[in-house]
Amino acid sequence: MADQEHHEHIVQPGTYLAIILTLLVLTGLTVGAAYVNLGRLNIVVALAIAVLKATLVVLFFMHAKFSPKRTQLVIIAGIFWLAILLFMTLSDYASRIDYRGVRFPMTQNVRIAGPSRG
Amino acid sequence: MHRTGALYGQFKTLEQQKDTASLGMWIFLVTEVMFFGGIMLAYTINRHTYFHAFAMGSNTLSLTLGGFNTVVLLASSFTMAMGVWSAQVGKKDLLKMFLSLTILLGFVFFGVKYVEYAQKFHHHLVPGKSFDITYCVNNPSKCEDIGAEELEVERKEVDAAMQADPDLNAHAQLYYSAYFGMTGLHALHMVIGAGLLFWLLKNSFAGIYTPEWNTPVDIVGLYWHFVDIVWIFLFPLLYLIDRHK
């Protein structure tokens with residue numbers, strides 16, 4: 001099995017230093033971006049930077065880049081499972097008309113025509 | 001008795017044994033991802049529903065303290081990673097130093113969090129009977145830690161948010177419930193992490209971690225980095241809503 005030939009890869013301090021500096025720059029960037037009015041894109045930019053930071057931490061600080069394929073598969077499966085949770089729930093909320101006949105989000109208070117439900 | 005570095009019967013090599021331990025830790029971390037993921041999802045839905053109140057709540061957080069804590073936590077992840085490296089190359093003194101630094105940075109984080117929480121108590125921003133999102137705006141003398149200029153901005157924000165959401169106080173309370181729930185759970189994970197780090201430090205003084213066997217350092221490292229990742233998401237979600245004014 002190829003796995004038995006896997007040898008521990010030691011990530012060097014230089015790599016860690018480059019990663020932490022990148023993470024700090026990205027933190028500055030995300031704070032800066034929050035003060036720019038991008039409308040709906042503000043949250044997209046903030047989360048994109050967060051995902052990028054998390055990816056760097058997982059790949060290098062947590063050595064996922066150098067882990068056996070089996071471990072990498074578990075990580076990817078976990079993220080995929082999270083995506084299912086987020087996608088299915090959010091699409092449900094986005095298309096739901098609740099028991100009072102009110103469409104989400106409720107602050108808009110749009111009553112959908114028709115007999116009241118529930 | 002601690003059988004440091006012993007090869008257990010079910011494994012062929014120490015390498016395989018270590019990979020298995022790390023795989024097990026990752027499976028645990030995946031359950032943690034689902035745990036925090038579910039909470040963040042609930043937060044997102046509420047934030048979407050009560051956007052004005054959540055933006056108002058977010059703007060009452062201190063970006064200076066939150067940003068500072070983000071830097072502290074990222075730095076602690078770096079020192080943890082350096083600790084793992086020290087153990088892998090057998091630099092025992094460096095290992096002790098980096099573990100101590102990681103613990104120290106963890107406690108700096110707790111200290112700042114304490115200051116933040118205390119501030120919220122003083123400003124009547126803790127969910128419950130006395131919760132009042134307009135407290136500082138209406139009682140400037142009680143909130144002297146907020147500058148007059150900043151308070152003026154806050155007054156305008158409160159007025160605008162009241163217009164958009166008549167039930168602002170209740171919904172802002174929801175934001176603060178999420179804030180304390182999420183940061184509290186994160187802090188709880190850090191307390192557990194700090195406990196594990198103390199245990200590693202104790203063992204490293206006994207000198208049991210060698211280049212051949214340092215699995216616990218590696219595994220606790222994974223946990224510590226995971227807690228860092230949770231904060232990487234909490235920071236923009238909680239502190240950075242609608243900051244542009």
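**View 1. Salt bridge between Lys18(B) and Asp218(B) in a predicted model**. Lys18(B) and Asp218(B) form a salt bridge (a side-chain nitrogen of Lys or Arg within 4 Å of a carboxyl oxygen of Asp or Glu), with the closest N and O atoms 4.0 Å apart. Because Lys18(B) belongs to helix α1 of chain B and Asp218(B) to helix α8 of chain B, the pair ties together parts 200 residues apart in sequence. Helices here are DSSP runs (H or I, at least four residues), numbered from the N terminus. Lys18(B) is buried at 11% relative accessibility, and Asp218(B) is buried at 10%; buried means under 20% relative accessible area, exposed over 50%, and partly exposed in between (1.4 Å probe, protein chains only).

**View 2. Salt bridge between Lys96(B) and Asp93(B)**. The N to O distance is 3.4 Å. Both residues lie in helix α4 (residues 92-122) of chain B, three residues apart, about one helical turn. Lys96(B) is buried at 18%, whereas Asp93(B) is exposed at 59%.

**View 3. Salt bridge between Glu152(B) and Arg155(B)**. The closest N and O atoms are 3.7 Å apart, within helix α6 (residues 148-164) of chain B. Glu152(B) is partly exposed at 37%, as is Arg155(B) at 30%.

**Notes.** Residues are numbered from 1 along each chain as its sequence is written, and chains are lettered from A and ligands numbered from 1 in the order in which they are written. In this predicted model, local features need pLDDT of at least 70, side-chain atom pairs count only at pLDDT 80 or more, and totals for chains, interfaces and linings use all residues, while side-chain values use heavy atoms, leaving out hydrogens and water.

Conventions. Helix = DSSP H or I, 4+ residues; strand = E, 2+ residues; numbered from the N terminus.
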